[in-house]
Amino acid sequence: MNTSPPHSQSFRFDNSYARLPPRFYVRQNPVPVRKPELIRLNRRLARQLGIDPDMLESPIGAEILAGNRVPLGAEPLAMAYAGHQFGGFVPELGDGRAILLGEVSGEGGMRRDIHLKGAGRTPFSRGGDGRSWIGPVLREYIVSEAMAALGIPTTRALAALTTGEAVMREHSLPGGVLARVASSHIRIGTFQDFAAREDVEAVRLLAEHVIARHYPEAAQAENPFLALLEAVIERQAALIAKWMAVGFIHGVMNTDNMSIAGETIDYGPCAYMDSYHPDMVFSSIDRGGRYAYANQPQIGQWNLSCLAYCLLPLIGPDEQTALDAVREKLDCFPDYYHAAREAGFAAKIGLPGHGDDAAGLADDLLACMADAGADFTLTFRRLCDLPARPDDEADAGFIALFEGTVEAADWLRKWRQSLARQNRGDEVRQAAMRAVNPAYIPRNHRIEQAIDAALIGDYQLFETMNLVLSRPFDDQPEHADWQTPPLPEEIVHQTFCGT
Ligand code: AMP
Ligand code: MG
């Protein structure tokens, strides 16, 4: 047993959330686990956070990351929050299986929460055990790091650990902890908690905290709280547009799973689509398809209206005037979203800045893809290979994804007419397209294979998957098989929270 003192200098904590009044959280240490062992440390992220990766890889590091040892300067707490779950309001949720250790300042003064998921029971646990098994830990590690590599705002994975304890789900499974990093863990649901109690003072303190931390420019506005709402709307619209452009389905867009900072958070039964269909749903608990792929923008706007409702009393003394002001901002969501989405898809088909023409073409392509059940990722990636002049051999690989339908060939003709109106050489265009159309995404069946192997102690697939997904836009011929969609018998039809 290593008995050297904790490396206090390794963490530069400055816990602004813990300085908010006590009704924002419950102070609570993580509950120690029997035998913490590191599965994987994100060394690069550790360095960015100003934490010594060698220390984190030592036995002391594993103790810290699993919650067995509280590093100096940490002020562990469970955050209070509420939320609309599948449209129904739940006044008391809160961190039931996670502990916020504190905030560290890393490279360039960036402030990041360090949060341990699976850290034991808290006063918010209700019936739950406060733990997680390694499946959801590995899943979140893979998908959140892939998201970051795709350039999409997200929480990050600092480390995955095993606990040496069993967790009881449908049967006994090995326990795990995910050390997660985020700009903050404040959610729309955090505001809803206080608004539901009519604690306007707390809503104000929280809004001021969020402005200082995430939206400092809003402080300069004539009405900072209205400016905050507008800024959050803009970031959420941009985020969801990015999800749509990679075929990502969050799966549980409850207001407690929506980060106020505009990062993707709380990866549960999320999925990247293989075969495209706008109505695609994977989450086993989303029986009505509320959070289907194509519904995500409307749900985003609905969630933002919940935030707007909380902010109303801060926006002005006259209720009607405040209501009109927030309505005007909420009505801008579709404009922000469509602008971001259209720009994203225009770039995907190699026609940036082509306005309605490109947007219409992208929609036509999606319609063909839906009809044929074409693979979302491969369709756009193979399109990158096609020259501006028709080329039967190259075109065949693309059209094959549509089972040879004439619609795909027709679409290519129209696409080439548009390409002809821009004067970019093939090479420049293709490179630009490859930089926005990933070759590699975390495919569901691969995640499940990696988890199944981990259950028998083999982390090789997990390691390889992380490596491949760290360069999603690069052709990696040695890993070509990681691009392949699932065989019919490998298709994953449902994903689970599994917590
Ligand atoms: P989520 O699935 O992350 O959206 O969580 C919804 C709520 O359930 C949050 O309040 C969680 O803290 C709580 N929760 C989820 N899993 C557990 C668990 N195993 N033990 C205690 N609380 C949990
Ligand atoms: Mg959650």
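Q: Which helices and strands each supply at least two residues of the lining of the second largest pocket?
A: In this predicted model, the strands that do so are strand 2 (37-41), strand 7 (111-117) and strand 10 (172-182). The helices are helix 1 (43-48), helix 4 (134-149), helix 6 (200-214) and helix 17 (460-469).

Q: And which gives the most?
A: Helix 4, with six residues of the lining.

Q: How many residues line that pocket, and which lie nearest its centre?
A: The lining has 32 residues, and Q48, E145, A148, A149 and R156 lie nearest the centre. The volume of this pocket is about 700 Å³.

Q: Changing topic: which residues are the protein donors of the magnesium ion?
A: The magnesium ion (ligand 2) has N257, through OD1, and D266, through OD, as its protein donors, at 2.0 to 2.2 Å.

Q: Is N257 buried or exposed? And D266?
A: N257 counts as buried because its relative accessibility is 9%, under the 20% cut-off. D266 is buried as well, with a relative accessible area of 11%.

Q: What about the largest nonpolar core: how many residues has it?
A: It has 126 residues, and those with the most contacts inside it include F191, L383 and W415. Helix 7 (residues 224-246) provides the largest share of this core, 16 residues. Domain 1 (2-182) and domain 2 (349-434) each give it at least three residues.

Q: What is L383 in contact with, leaving aside neighbours within four places in sequence?
A: Its contacts are K348, I349, L365, F398, W411, L412, W415 and M433.

Technical notes: Residues numbered from 1 in each chain as written. Chains lettered and ligands numbered in written order. Predicted model: local features only at pLDDT ≥ 70, side-chain atom pairs only at ≥ 80, totals over all residues. Heavy atoms only, no water. Core = buried A, V, L, I, M, F, W, Y, C linked by side-chain atoms within 4.5 Å. Buried < 20%, exposed > 50% of the residue type's maximum accessible area, 1.4 Å probe, protein only. Helix = DSSP H or I, 4+ residues; strand = E, 2+ residues; numbered from the N terminus. Domains from an automatic or database assignment. Contact = heavy atoms within 4.5 Å. Donors = N, O, S within 2.8 Å, 3.2 Å for Na, K, Ca; no water. 1 Å grid on protein atoms, 1.4 Å probe; cavity = no way out; pocket = protein on both sides within 12 Å on 5 of 7 lines; lining within 4 Å. Points joined across faces, edges and corners; volume = space filled by probe spheres on them.
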